[in-house]
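Trainee: I've got this one open on my screen. Can we walk through it together?

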Amino acid sequence: MSIKNLLIEMKNMSELMVDLAYSAVLFNSKTAAEEVITLENEVNAMNYEIKKESLVAARSYEDAEKLTALLEIAEATESMANAAKDLADLVITGFKPHPVFKMVMEESDKSIARVVVDESSELANNTLGDLLLVNRTGMRVISIRRGSSWIYGPDKNTTILPDDTLILKGTDEGVDLLEKLASGACSLDDIPEELEELEVED
């Protein structure tokens, strides 16, 4: 990847990490925390690549000055990723949220889930727009891990493939439904759609 593409990937990944880390602490989700730790290693590796590419690209003092700004952005992005990992580590080690967090949790019905799509699942080979998961389950896909790559902010045109790992945010009831759907234990016909048709947001 070019330095530009690496920075874009780092930005997207660090934003996802912050969202997942905050949710991990708020909802005591070890699943989300584990994803944050995995992503942090990838962000660190990308920052290292940016440093190497910068050394190769700098051919003059002026070039070095310009690249310094990019390196500082990369360092700041890695710092965000490291902070998100610190939050995730709290959850992994059994951190008990402050009562304020519990108050927030009582007023919120959001939860984080991670499911792997089985090839027998009706989710496989369908777009998010066709599946209408938000309407049917109350769960929104916030990212998809496909092999060693990630799809951030998937929209209604994004197709889910077998073996994709979906990271979702929504209701506790929706988590149970998505786990069954992803494993092929139930079908979309088993889930009643909302009475009022709603557009799936991009």
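**Helices, packing and a buried serine**

Trainee: Let's begin with helix 2. How far does helix 2 reach from its first C-alpha to its last?

Mentor: Keep in mind that this is a predicted model. Helix 2 covers residues 30-57, 28 residues in total. At 1.5 Å a residue you'd expect 40 Å, and the computed reach is close to that, at 41 Å.

Trainee: And which elements do the buried residues of helix 2 pack against?

Mentor: The buried set includes Ala32, Val36, Leu39, Val43, Met46 and Ile50, along with Glu35, Glu40 and Glu42. An α-helix has 3.6 residues a turn, so residues three or four places apart point the same way. The partners of the buried residues in helix 2 are both helices and strands: helix 1 (3-27), helix 3 (61-92), strand 1 (111-116), strand 3 (140-146), strand 4 (149-152) and strand 6 (165-170).

Trainee: Take the first of those partners. Is helix 1 roughly parallel or antiparallel to helix 2?

Mentor: Their axes lie 9 Å apart, and the packing angle is about 160 degrees. Angles over 145 degrees count as roughly antiparallel, so helix 1 against helix 2 is roughly antiparallel.

Trainee: On to helix 3. What residue just after helix 3 takes a positive phi?

Mentor: Helix 3 has 32 residues and reaches 45 Å, close to the expected 46 Å. Its buried residues include Leu67, Ala74, Thr77 and Glu78, and helix 1 and helix 2 are among what covers them. Just past the end of helix 3, a phi of about 90 degrees turns up at glycine 94.

Trainee: Zooming out, what share of the contacts in the chain with a separation of 6 or more comes from residues 24 or more positions apart?

Mentor: The chain has seven helices and six strands, and 40% of its 202 residues count as buried. For contacts with a separation of 6 or more, the share from residues 24 or more positions apart is 79%.

Key. Residues numbered from 1 in each chain as written. Predicted model: local features only at pLDDT ≥ 70, side-chain atom pairs only at ≥ 80, totals over all residues. Heavy atoms only, no water. Helix = DSSP H or I, 4+ residues; strand = E, 2+ residues; numbered from the N terminus. Buried < 20%, exposed > 50% of the residue type's maximum accessible area, 1.4 Å probe, protein only. Contact = heavy atoms within 4.5 Å. Expected span 1.5 Å × (residues − 1). Axes fitted to C-alpha atoms, helices over the stretch in contact; angles between N-to-C directions. Parallel < 35°, antiparallel > 145°, perpendicular 65-115°, else oblique.
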